[in-house]
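I opened this model to look up its folds, its cores and the contact between its chains. My notes follow in the order in which I looked.

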Amino acid sequence: MKYEVFARINQGDETLHIGNVTADSDRLARMYARNTFDEEDWDYLAVVRREHILEVKAETPGVI
Amino acid sequence: MDEWPDPAVDYMQAIVDTKLILGHRYGQWALAGPSLEDDIGGASASQEEIGHVRQLASRLQAQGRDLEWIHGDRDATEFANAACLDSIDGEWPTYMASTAPADRAAWYLLDAIAIEDLQGMLTKMGEDEYFHLEYHDARLETLAESAPDTIQAALETTLPQALSFIGPATYDEETDPVFTSGFTDRSVAEIREAFIAHYTDLFEGTAVSLDGVDFDAPDPDTWDEARRRVGGGSISEADLRQLRGTENKLFEIN
């Protein structure tokens, strides 16, 4: 499964998308993210399954 | 406690030796993982283990151990590492089932140390170890699905070896010399219970059965207190040369 990785360096900063990892489980994805993006002392680091991201976009309105 | 009792010095030496060989094994396998993320994790863990060795070795030096000896200037049979790290004969699943129990056992022994002036250092090491152990468990969970027979067969060897590294079940609050000296705040028997419970829970409901694991190991009558194992065995001479950097000394610039 693909996971998108988000992080911020300091509390109050914007949380930014910093990359992605591929993992067989949510638990493993958390560890992969920590190992792979270890260049900063993150205040916050999170992973989100790519399939759970909901895109917001204009769509054709339905008609009755 | 300025001067540690002899059993406590041996106890710390076994932890340091296990971390030294763990760092070596992580480094050896850091380019052999099934994914780039596994490789990066191995390289990161290798650096952290060697960092822990440097910190703990200085404490052993303060107790009279020679630093060069600690760093590898000795015979292979003088190392007191967990026996499941002596050699890893197999592929990635076997490597995971060998390093994971050794890393967890070493942390449990370290976490039990009650010496006040070590607590800050141990807290920092614990932050590193959280990620090592969580990664191992996450990986073993996935391997329990994809390679259950290999994991089960490896654990039947490595879990008793890790238990031998922790110590015999007969070392309880009345008989464990490290606990009774005040160096640790829990006995070997208590550490073993936590270790066994962890792996029992981890594999419960998976295709990996631990029914064939000898959870009574080691036999206290044949257990080597200094090397924390039974039956001899050691890392190889090739491992020792790598640890010492023997071949690399040829390239040393004076």
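I began with chain B, which has nine helices and zero strands. Helices (H or I, at least four residues) and strands (E, at least two) are DSSP runs, numbered from the N terminus. This is a predicted model, in which local features need pLDDT of at least 70 and side-chain atom pairs count only at pLDDT 80 or more, while totals for chains, interfaces and linings use all residues. Residues are numbered from 1 along each chain as its sequence is written, with chains lettered from A and ligands numbered from 1 in the order in which they are written.

I looked up the extent of chain B next. Its C-alpha trace spans about 55 × 50 × 35 Å along the principal axes. I noted that 43% of the 254 residues in chain B are buried (20 or more other C-beta atoms within 10 Å of a residue's own, with C-beta atoms placed from the backbone).

Then I went to the nonpolar cores, meaning sets of buried Ala, Val, Leu, Ile, Met, Phe, Trp, Tyr and Cys residues joined through C-beta atoms within 7 Å. The largest has 61 residues, and B:Ile15, B:Ala105 and B:Leu109 are among those with the most contacts inside it. H4(B) gives this core its largest share, eleven residues. Apart from it I found another core, of twelve residues, including A:Tyr3 and B:Tyr135.

I checked B:Leu109 by itself. Leaving out residues up to four places away in sequence, B:Leu109 touches B:Tyr11, B:Ile15, B:Ile166 and B:Ile191; contact here needs C-beta atoms, placed from the backbone, within 7 Å.

In chain A I looked for a sheet. Three strands form an open one in the order E2-E1-E3, with antiparallel pairing (strands pair if DSSP finds at least two bridges between them). Strands E2 (16-22) and E3 (44-49) of chain A are at the edges with a single partner strand each, so one side of each has no neighbour in the sheet. E1 (residues 2-8) of chain A is joined to E3(A) by six bridges. One of the residues I followed was A:Tyr3, whose bridge partner in E3(A) is A:Arg49.

Last, I asked how many residues each chain gives to the contact. Chain B gives twelve residues and chain A gives twelve residues. On the chain B side, H2 (36-62) and H5 (119-146) each supply at least two residues, and H5(B) gives the most, with seven.

Conventions
Two residues are in contact if their C-beta atoms, placed from the backbone, lie within 7 Å.
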